[in-house]
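The following note is intended for a colleague who is meeting this structure for the first time. Please read the numbered points with the sequence and the model in view.

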Amino acid sequence: KRAYSEGHQIASHSWNHAKLTSLSTEALQNDLNCTAGVIRNITGQKDVYLRPPYGSYNDTVRAYAGGPIIFWSVDTLDWKYRNVETVKQTILDQAEDGGIILLHDIHPTSVDGFIASLGELKARGYELVTVSELFRRRGVVVENGSVYISAPNRGINLPPLNYDGKEYDESKLDEHWAYEAICFVRKKGLLEGTSETEFSPDK
């Protein structure tokens with residue numbers, strides 16, 4: 001709950017770290033539903049992404065994932081080497097625009113190696129965001145059961161949402177990046193605002 005309130009995305013990595021492809025359909029459903037249910041109850045978030053243990057999935061896992069399946073474009077192998085400098089250098093060598101970097105925070109060397117890479121990443125112009133925010137800003141609409149490894153730059157780069165907790169200034173709505181889309185969906189009756197006079201686009 002604390003991590004979520006601080007802006008981190010909470011996702012499922014299964015309940016018991018079992019190889020999901022080895023479970024019966026019933027056991028798979030119970031595992032994923034239980035985990036997603038606990039996450040929703042604690043955080044209140046609706047969408048629960050899944051990173052299957054060992055990267056193991058098949059059509060059955062995809063069918064019962066209950067959300068998008070997230071892989072990675074950079075595997076630091078931090079669990080294997082457990083060396084701060086190796087983790088740091090792997091991140092710096094393989095970081096890419098739209099990439100997803102796999103790390104295991106149960107290892108102090110992984111945490112320290114990641115922290116050690118931050119200064120250089122930011123100096124190179126990288127911005128670190130949650131996976132869902134990465135997809136949103138790249139215009140990717142994720143689908144349940146689909147597998148994603150990155151969000152490469154294909155010309156869509158939306159700005160960050162307003163996270164300062166303030167209501168959006170409706171008098172400046174025409175300056176919002178989604179203004180034309182807001183007008184379109186409102187005119188077509190596809191979406192309504194939060195009131196007769198407000199749209200609250202950042203919600």
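1. Ile106 lies in the loop between strand 3 (101–102) and helix 6 (108–123); helices (H or I, at least four residues) and strands (E, at least two) are DSSP runs, numbered from the N terminus. Ile106 counts as exposed because its relative accessibility is 67%, where buried means under 20% relative accessible area, exposed over 50%, and partly exposed in between (1.4 Å probe, protein chains only). Between Ile106 and Leu134, which are 28 residues apart along the chain, the C-alpha separation is 24 Å.

2. The model is predicted: local features need pLDDT of at least 70 and side-chain atom pairs count only at pLDDT 80 or more, while totals for chains, interfaces and linings use all residues. Residues are numbered from 1 along each chain as its sequence is written, and side-chain values use heavy atoms, with hydrogens and water left out.

3. The chain contains 8 helices and 4 strands, in the order α-α-α-β-β-α-α-β-α-α-β-α from the N terminus. Its C-alpha atoms fill a box of roughly 55 × 45 × 35 Å along the principal axes. Of its 203 residues, 31% count as buried.

4. Helix 6 also packs against helix 5 (residues 84–94): their axes come within 7 Å and cross at roughly 40°. The axes are lines fitted to C-alpha atoms, for helices over the stretch in contact, and angles run from 0 to 180 degrees between N-to-C directions. The two helices are therefore oblique to each other, given that angles under 35 degrees count as roughly parallel, over 145 as roughly antiparallel, 65 to 115 as roughly perpendicular and the rest as oblique. Among the residues that meet here are Val87 and Ile91 in helix 5, and Ser110 and Phe114 in helix 6; contact means heavy atoms within 4.5 Å.

5. Asp78 belongs to helix 4 (residues 78–81). Which residues does Asp78 touch, not counting those up to four places away in sequence? They are Val87, Leu102, Leu103, His104 and Ser110.

6. Thr21 sits in the loop between helix 1 (2–5) and helix 2 (25–43), and counts as partly exposed because its relative accessibility is 28%. Beyond its neighbours within four places in sequence, Thr21 is in contact with Ser56, Tyr57, Asn58 and Val61.
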